[in-house]
Amino acid sequence: MILDRRLFFSATQRNRDCIGDVLSRIIKKGSVLEIGSGSGEHGVVFQKRFPEIIWQTSDPELIHRKSIRSWIEYEDLIKIMPRPLEIHVEKIPWKIPLRIANSLQGIVSINMIHVAEWSCTVALFRESGKLLNKGQFLILYGPFKICNKHTSESNYFFDNSLKIQNDLWGIRNLEEVCDESKKNGFYQEDIISMPANNFSIIYRKGS
Ligand SMILES: C[S@@+](CC[C@H](N)C(=O)[O-])C[C@H]1O[C@@H](n2cnc3c(N)ncnc32)[C@H](O)[C@@H]1O
């Protein structure tokens with residue numbers, strides 16, 4: 001008997017289609033590694049929307065990896081989607097199966113960097129920079145400050161609520177994130193305004 005351990009993250013219901021639309025401009029063939037997959041709802045939705053790719057989920061939390069597995073089983077994707085990997089961005093090197101590493105075309109991280117310490121953003125770019133080759137992408141989705149200013153009042157309150165949970169969490173400043181990308185050979189290809197004061201940022205490996 002399969003235990004249903006699926007978690008439901010309400011934001012994924014609201015943002016899956018618009019994030020999928022951004023991905024549809026970029027994704028071709030091969031595999032995509034998702035960092036901080038959470039419940040796994042995005043993973044199964046994107047695997048079904050982009051059947052030509054392999055969507056490799058990951059998360060450091062066991063409860064999330066169990067949810068991801070449960071979603072994969074529930075959506076009958078077990079023959080297509082690999083098991084979620086245990087990846088905490090700062091624990092390097094990330095252990096990625098060879099078949100995924102060899103076909104990797106990009107890395108996606110949704111709503112992760114503001115619920116982790118800044119050192120995790122640094123590690124995300126450093127490891128992605130090692131794994132990805134010229135022309136391959138790293139996409140971040142979430143709220144950002146621009147020129148160190150919140151883009152909405154609701155993001156200001158959200159940022160405060162994050163800092164109450166952990167004073168090292170918080171909405172990141174886009175310019176500082178971009179600096180990290182450059183240090184690791186990426187350039188910022190596009191910034192896309194998304195609903196609810198979020199952004200999708202597309203970084204491309206330049207060298
Ligand atoms: C707000 S949730 C977002 C989950 C999912 N991406 C979504 O949009 O629903 C943040 C996720 O990042 C993961 N996370 C936190 N710190 C991390 C780290 N250092 N490395 C990788 N993932 C991390 C958490 O376990 C959690 O699943």
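Two residues are in contact here if their C-beta atoms, placed from the backbone, lie within 7 Å. This is a predicted model, in which local features need pLDDT of at least 70 and side-chain atom pairs count only at pLDDT 80 or more, while totals for chains, interfaces and linings use all residues. Residues are numbered from 1 along each chain as its sequence is written.

Select glycine 43 to begin, which is found in helix H2; helices (H or I, at least four residues) and strands (E, at least two) are DSSP runs, numbered from the N terminus. Not counting residues up to four places away in sequence, glycine 43 touches Glu34, Ser37, Trp55, Thr57, Ile68, Trp71 and Met81. Because glycine 43 has 28 C-beta neighbours inside 10 Å, it counts as buried (20 or more other C-beta atoms within 10 Å of its own, with C-beta atoms placed from the backbone).

Next, select residues 41-49, which form H2, together with residues 10-26, which form H1: the two helices pack at an angle of about 40°, with their axes 10 Å apart. Axes are lines fitted to C-alpha atoms, for helices over the stretch in contact, and angles run from 0 to 180 degrees between N-to-C directions. H1 and H2 are therefore oblique to each other, a term for angles left over once those under 35 degrees (roughly parallel), over 145 (roughly antiparallel) and 65 to 115 (roughly perpendicular) are set aside. To see the contact, show Thr12, Arg16, Gly20 and Leu23 in H1, which meet Glu41, His42, Val45, Phe46 and Arg49 in H2.

Inspect S3 (residues 104-110) beside S4 (residues 137-142), which pair in the parallel sense over 5 bridges, and where valine 108 has isoleucine 139 in S4 as its bridge partner.

Notes
Pairing = 2+ DSSP bridges. Buried ≥ 20, exposed ≤ 12 C-beta atoms within 10 Å, placed from the backbone.
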